[in-house]
Amino acid sequence: MELVYTAKQNQFRAEVREWMNANVPATPLQSFDCKEGFEQHIAWEKTLAAGNWGMVTWPEAYGGRNCSLVEWLIFEEEYYRADAPLRVNQNGIFLLGPTLMEYATDAQKARFLTKMAAGEEMWAQAWSEPGAGSDMAAIRCKAEPEGDEFVINGQKIWSTRAVFADYAFGLFRTDPQSQRHHGLSFILVPLNAPGVTVRPIAQLDGMAGFAEIFFDDVRVNRDHLIGAEGEGWKIAMATAGFERGLMLRSPARFQNTSKRLVELYRRHRSDLLDASLEDAVVRCYMDVESYALATYQTASRLDRGGSIGAESSCNKIFWSELDIRMHQTAMSILGARAEVEPHSEAQQQQLGRWLDGFLFSQSGPIYAGSNEIQRNIIAERMLGMPRR
Amino acid sequence: MDFTFNQDQQMFTETLAALLAAELPADRIRQRWQSDSGIDAALAAQLVELGLPAMLVPEALGGLGLDATDFIQLAECCGRFALPEPAVEGALVAAPLLVDIIHGNPSAAPRLTALLEELMAGEAAVAVGHHLNPYVNFAGQADWFLLGHGNAVHLLPASEVAITAVKSVDPSRRLGELAWRPSAATLVADAELGAACWRATLNRGALGNAAQLLGLADAMVKQAVAYSADRQQFGKPIGVNQAVKHLLADCAVQIEFARAPVYRAAYTVAQAATRADWAVSHAKVVAGEAAQLAARNSIQVFGAMGYTWECDLQIWAKRGWVLDREWGDAGFHKNRVHEWLVQPNALIGPEYTFGRGDQPHAR
């Protein structure tokens with residue numbers, strides 16, 4: 001055990017910091033759930049790609065830097081330290097990317113990963129259907145093989161970023177006779193293909209962060225199939241693992257929030273009437289640090305050839321519930337002022353982005369597999385409790 | 001940056017686990033409850049043979065020259081098996097305190113070095129009385145006491161300490177309330193040296209409890225999981241119910257995220273002891289919470305059985321309750337973190353997970 005950075009790691013941090021200081025936009029971008037904001041975020045992705053910072057853990061051939069996971073954590077720390085924009089292409093780079101790395105052909109990797117890292121193609125996810133939420137094996141959306149193509153018919157819902165994205169990835173039933181998790185395939189679909197209709201759905205903040213996708217005889221070439229036909233379930237489970245675990249929610253994001261929470265608390269502590277808020281702030285701070293330390297522990301193990309298992313379900317529960325607690329605590333510190341959307345520079349200073357973050361935090365325990373499903377996974381696969 | 005344990009550390013832990021698995025089934029713990037001393041001399045001797053009390057003593061003083069990082073998983077293992085013998089305190093608290101005084105006070109060194117050798121050989125038991133702990137565990141079995149008077153440290157033989165036995169809720173513990181008189185003859189560390197010694201001792205005591213709490217929590221969840229698969233109601237094991245599953249999943253999450261802070265605290269105590277306060281407090285709070293939740297939810301899963309004397313779960317649950325309050329309760333430790341957090345110059349934020357990054361945990 002050696003909990004200090006090597007000279008090389010410190011140098012890497014300095015390099016990231018210098019680049020971020022020079023390149024992170026001085027004024028915050030608009031939300032990527034509106035057209036202008038989406039474009040601004042694509043421009044930022046292209047800036048990142050130009051500096052070769054698109055996805056540092058990827059091989060150089062696909063625009064990465066071949067970084068270790070510990071270096072990735074350092075990158076993320078500097079990214080959030082600089083308050084850089086959120087990653088509009090997170091579905092692509094953090095979820096689909098690792099999946100392609102493991103299951104795609106070389107041609108598919110060259111085709112899709114390179115454009116992803118370059119910020120040229122934006123990705124949405126297409127898992128859920130009206131009748132298949134937590135019960136994802138109930139998927140009905142069909143992709144029937146026909147020569148060199150699949151013909152897709154059906155509907156997806158809660159597709160994050162689908163409103164403005166170029167592509168969606170998801171599970172489709174390629175064997176019409178199949179049941180449950182058999183006969184499903186992992187397919188990439190261009191959202192500008194004839195027969196695709198995207199209907200935006202406004203989220204709790206009023207913005208169209210997700211959408212319904214309707215497929216009406218949509219034809220997709222076979223080279224958009226990832227892995228073997230009928231192997232989709234296995235591949236999707238791996239993707240879900242990335243989402244719950246290490247990649248999607250690096251600790252730095254929450255450390256940034258807890259830092260802001262501590263600063264807010266310092267400013268207001270002399271006039272707080274609720275004594276429990278002191279305890280809440282201390283616990284939030286400690287829990288975020290626990291999450292960071294546990295992530296370093298996992299990254300360290302993986303960098304040395306270890307593997308990740310059902311414990312990634314613990315991550316998802318921990319960060320999503322912690323994110324809610326942090327924002328609830330901040331809202332309580334702000335008191336009756338908390339409900340107001342900042343409408344002046346002075347107010348922005350005082351209220352920060354707690355309201356936005358509070359609304360978004362409500363989705364954490366739901367997406368990427370609800371926390372109730374995660375608790376079942378922990379109980380059955382990690383603890384070995386009886387299924388039935 | 002390497003957050004893994006090396007092979008030697010893993011092997012040492014496996015050796016101890018194998019010994020305790022063989023020598024410490026629950027009925028042997030219950031046998032101790034009937035005995036006067038509460039200690040199994042044969043097992044205590046085996047722990048000495050394994051080198052436990054000598055682990056953190058420098059080689060120059062006849063020890064193994066290892067550190068808290070090497071020891072932390074052993075302490076966790078002692079918790080996992082609910083070891084009643086005060087092996088963790090002997091190795092992580094008493095021996096290092098003797099070492100600190102030997103290094104800090106040359107005039108007392110010869111006497112203390114001799115005592116340290118007896119301690120490492122299992123020939124003398126040394127108990128430590130810190131002002132945060134109202135009672136001393138296994139006081140009746142101690143040959144020597146290191147006690148605080150103000151910031152000074154005094155060394156007294158058992159013959160000069162009056163002990164009133166106090167009954168703990170945990171029958172494996174043998175608490176004593178002490179009455180004694182400090183004198184020039186008993187003084188081994190004056191207030192200046194003593195203050196540093198007590199501060200380090202508190203951190204080592206709290207760290208030892210945090211690690212044991214982790215092990216206790218883990219063991220309780222395992223027992224509850226096994227029971228949930230055995231116990232049938234409505235024609236099925238009770239563990240198939242989500243209401244039961246989620247009780248234990250919650251425990252697993254807490255334990256999962258308490259582990260890394262405990263290991264980091266051990267590393268900080270080993271490498272940067274004077275900066276270890278907040279790391280230790282963080283570890284003690286989260287490990288304590290994990291053990292409290294594990295005790296509460298495991299008893300619930302055992303149902304009425306969990307509320308009986310017969311059910312072995314009580315051995316772990318009660319230890320969890322008491323170790324959480326010893327060496328500073330949650331309030332004490334949260335307060336230390338809070339005091340640090342409100343300092344305007346405290347280094348917090350994503351880039352400071354490990355302090356400044358160029359030296360261990362500089363903040």
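Predicted model: local features only at pLDDT ≥ 70, side-chain atom pairs only at ≥ 80, totals over all residues.

1. Within helix 1 of chain A, the buried residues include Phe12(A), Val16(A) and Met20(A). Because they cover an arc of only 65° around the axis, they sit on the same side of helix 1 of chain A. The buried residues of this helix pack against helix 3 (69-81) of chain A. On the other side of helix 1 of chain A, Ala7(A), Gln11(A), Ala14(A), Glu18(A), Asn21(A) and Ala22(A) are exposed.

2. Turning to chain B, an unreviewed UniProt entry lists residues 7-94 as "domain: Acyl-CoA dehydrogenase/oxidase N-terminal". In the model, residues 7-94 of chain B are 65% helix and 0% strand, and the end C-alpha atoms of the span lie 27 Å apart.

3. For the contact between the chains, chain A gives 50 residues and chain B gives 45 residues. On the side of chain B that touches chain A, at least two residues come from each of helix 7 (191-230), helix 8 (242-271), helix 9 (277-302) and helix 11 (330-341) of chain B. Helix 8 of chain B provides the largest share of that side, 14 residues.

4. What is the make-up of the side of chain B that touches chain A, in nonpolar, polar and charged residues? There are 26 nonpolar, 12 polar and 7 charged residues on that side.

Conventions. Residues numbered from 1 in each chain as written. Chains lettered and ligands numbered in written order. Contact = placed C-beta atoms within 7 Å. Helix = DSSP H or I, 4+ residues; strand = E, 2+ residues; numbered from the N terminus. Nonpolar A, V, L, I, M, F, W, Y, C, P; charged D, E, K, R; others polar. UniProt positions renumbered as here; feature names shortened; annotations may be inferred. Buried ≥ 20, exposed ≤ 12 C-beta atoms within 10 Å, placed from the backbone. Arc of directions from axis to C-beta.
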